[in-house]
Amino acid sequence: MSEKTVLAFDFGLKKIGVAQGNTLLKYAAPLEIIRVPTKQGRFAAIESLIQQWRPDLLVVGLPLTTEGEEQYASGHARRFANQLHGRFGLPVQLVDERGSSMEAQRRIAPNEDDDAMAAAIILERYFDSL
(Lines give C-alpha, C1' and ligand atoms only; values in the text may rest on other atoms or scores of the structure.)
Protein backbone atom coordinates (compact mmCIF):
# COMPACT_ATOMS: atom_id res chain seq x y z
CA MET A 1 0.00 0.00 0.00
CA SER A 2 1.33 3.42 -0.90
CA GLU A 3 1.42 6.19 1.66
CA LYS A 4 -1.65 8.43 1.66
CA THR A 5 -2.34 11.58 3.62
CA VAL A 6 -5.75 11.63 5.30
CA LEU A 7 -7.80 14.38 6.95
CA ALA A 8 -10.57 13.33 9.34
CA PHE A 9 -13.57 15.27 10.59
CA ASP A 10 -15.75 15.02 13.68
CA PHE A 11 -18.71 16.93 12.27
CA GLY A 12 -21.00 19.02 14.42
CA LEU A 13 -23.46 21.76 13.56
CA LYS A 14 -21.56 24.30 15.70
CA LYS A 15 -17.98 23.07 15.38
CA ILE A 16 -15.93 20.55 13.42
CA GLY A 17 -12.95 18.71 14.86
CA VAL A 18 -10.14 18.01 12.39
CA ALA A 19 -7.26 15.52 12.53
CA GLN A 20 -4.58 14.45 10.08
CA GLY A 21 -2.53 11.34 9.55
CA ASN A 22 -1.10 8.99 6.97
CA THR A 23 -1.66 5.40 6.01
CA LEU A 24 2.01 4.39 6.22
CA LEU A 25 2.52 5.20 9.90
CA LYS A 26 -1.18 4.80 10.75
CA TYR A 27 -0.71 7.72 13.11
CA ALA A 28 -3.49 10.25 13.70
CA ALA A 29 -2.96 13.67 15.29
CA PRO A 30 -5.55 16.28 16.28
CA LEU A 31 -5.19 19.45 14.18
CA GLU A 32 -7.80 22.03 15.08
CA ILE A 33 -11.42 22.82 15.75
CA ILE A 34 -13.29 24.84 13.14
CA ARG A 35 -15.67 27.21 14.94
CA VAL A 36 -16.89 29.35 12.06
CA PRO A 37 -20.64 30.08 12.29
CA THR A 38 -21.42 30.05 8.55
CA LYS A 39 -21.41 27.12 6.16
CA GLN A 40 -19.40 29.17 3.66
CA GLY A 41 -16.82 30.03 6.32
CA ARG A 42 -16.51 26.40 7.45
CA PHE A 43 -15.86 25.21 3.91
CA ALA A 44 -13.32 28.01 3.38
CA ALA A 45 -11.46 26.80 6.49
CA ILE A 46 -11.62 23.21 5.22
CA GLU A 47 -10.37 24.32 1.79
CA SER A 48 -7.39 25.98 3.47
CA LEU A 49 -6.58 22.74 5.32
CA ILE A 50 -6.89 20.74 2.11
CA GLN A 51 -4.49 23.11 0.36
CA GLN A 52 -2.05 22.85 3.25
CA TRP A 53 -2.13 19.07 3.78
CA ARG A 54 -2.99 17.86 0.24
CA PRO A 55 -4.91 14.80 1.46
CA ASP A 56 -5.62 11.79 -0.73
CA LEU A 57 -8.68 10.86 1.31
CA LEU A 58 -11.13 12.43 3.75
CA VAL A 59 -12.72 10.54 6.66
CA VAL A 60 -15.93 11.64 8.37
CA GLY A 61 -17.26 10.24 11.64
CA LEU A 62 -20.72 8.69 11.35
CA PRO A 63 -22.77 9.00 14.54
CA LEU A 64 -24.70 5.81 15.27
CA THR A 65 -26.82 4.69 18.20
CA THR A 66 -25.35 2.27 20.75
CA GLU A 67 -27.09 -0.49 18.78
CA GLY A 68 -25.34 0.58 15.56
CA GLU A 69 -28.41 2.14 13.96
CA GLU A 70 -28.48 5.45 12.15
CA GLN A 71 -29.92 8.44 13.99
CA TYR A 72 -30.85 12.04 13.22
CA ALA A 73 -27.21 13.22 13.36
CA SER A 74 -26.21 10.48 10.90
CA GLY A 75 -28.01 12.34 8.13
CA HIS A 76 -26.07 15.53 8.88
CA ALA A 77 -22.76 13.64 8.78
CA ARG A 78 -23.69 11.93 5.50
CA ARG A 79 -24.69 15.27 3.97
CA PHE A 80 -21.40 16.81 5.12
CA ALA A 81 -19.45 13.89 3.61
CA ASN A 82 -21.31 14.31 0.30
CA GLN A 83 -20.60 18.04 0.31
CA LEU A 84 -16.89 17.42 0.93
CA HIS A 85 -16.76 15.02 -2.00
CA GLY A 86 -18.72 17.38 -4.25
CA ARG A 87 -16.67 20.47 -3.41
CA PHE A 88 -13.19 19.00 -3.34
CA GLY A 89 -13.45 15.89 -5.54
CA LEU A 90 -11.68 13.72 -2.97
CA PRO A 91 -12.85 10.29 -1.87
CA VAL A 92 -14.67 10.34 1.47
CA GLN A 93 -14.96 7.40 3.86
CA LEU A 94 -17.53 7.29 6.68
CA VAL A 95 -16.36 5.67 9.93
CA ASP A 96 -18.40 4.67 12.99
CA GLU A 97 -17.73 7.30 15.64
CA ARG A 98 -19.57 5.70 18.57
CA GLY A 99 -17.84 6.54 21.84
CA SER A 100 -15.16 8.70 20.21
CA SER A 101 -16.02 11.80 22.26
CA MET A 102 -15.94 9.87 25.54
CA GLU A 103 -12.58 8.34 24.59
CA ALA A 104 -11.29 11.78 23.56
CA GLN A 105 -12.28 13.24 26.94
CA ARG A 106 -10.16 10.59 28.65
CA ARG A 107 -7.12 11.60 26.56
CA ILE A 108 -7.25 15.38 27.04
CA ALA A 109 -7.06 17.81 29.92
CA PRO A 110 -10.25 18.59 31.85
CA ASN A 111 -12.38 21.39 30.35
CA GLU A 112 -10.53 21.16 27.02
CA ASP A 113 -12.62 20.83 23.85
CA ASP A 114 -12.48 17.25 22.61
CA ASP A 115 -13.53 17.66 18.97
CA ALA A 116 -10.07 17.52 17.34
CA MET A 117 -9.08 14.56 19.52
CA ALA A 118 -12.35 12.82 18.60
CA ALA A 119 -11.45 13.34 14.93
CA ALA A 120 -8.06 11.72 15.61
CA ILE A 121 -9.80 8.74 17.24
CA ILE A 122 -12.10 8.42 14.23
CA LEU A 123 -9.01 8.43 12.00
CA GLU A 124 -7.34 5.77 14.19
CA ARG A 125 -10.43 3.60 13.70
CA TYR A 126 -10.14 4.07 9.96
CA PHE A 127 -6.48 3.00 10.08
CA ASP A 128 -7.43 -0.03 12.23
CA SER A 129 -9.82 -1.14 9.49
CA LEU A 130 -7.08 -1.22 6.81
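Q: With the side chain of which residue does the side chain of Asp115 make a polar contact?
A: This is a predicted model. Asp115 is found in helix H4, residues 115-129. Leaving aside neighbours within four places in sequence, Asp115 is in contact with Asp10, Lys15, Gly17 and Ile33. The side-chain polar contact, at 3.2 Å, is with Lys15.

Q: Is Asp115 buried or exposed?
A: Buried means under 20% relative accessible area. Asp115 has 9% relative accessibility, so Asp115 counts as buried.

Q: Which element gives the most residues to the largest nonpolar core?
A: This core has 19 residues, and Phe9, Ile46, Phe80 and Leu84 touch the most other members. Strands S1, S2 and S4 and helices H1 and H2 each supply at least two residues. With five residues, the element that gives the most is H1.

Q: Which elements are included in what covers the buried residues of H1?
A: The buried residues of H1 are Gly41, Arg42, Phe43, Ala45, Ile46, Leu49 and Ile50. Their cover includes one helix and several strands.

Q: How far does H1 reach from its first C-alpha to its last?
A: H1 has 15 residues. At 1.5 Å a residue, the expected reach is 21 Å. The model comes close to that, with 21 Å.

Q: Which residue just after H1 takes a positive phi?
A: H1 covers residues 39-53. Just after H1, a phi of about 50° is taken by Arg54.

Methods. Residues are numbered from 1 along each chain as its sequence is written. This is a predicted model: local features need pLDDT of at least 70, side-chain atom pairs count only at pLDDT 80 or more; totals for chains, interfaces and linings use all residues. Side-chain values use heavy atoms; hydrogens and water are left out. A nonpolar core is a set of buried Ala, Val, Leu, Ile, Met, Phe, Trp, Tyr and Cys residues joined through side-chain atoms within 4.5 Å. Buried means under 20% relative accessible area, exposed over 50%, partly exposed in between (1.4 Å probe, protein chains only). Helices (H or I, at least four residues) and strands (E, at least two) are DSSP runs, numbered from the N terminus. A polar contact is a pair of N or O atoms within 3.5 Å; within protein, one must be able to donate a hydrogen and the other to accept it, and residues adjacent in sequence count only if both atoms are side-chain atoms. Contact means heavy atoms within 4.5 Å. The expected span of a helix is 1.5 Å times one less than its number of residues.
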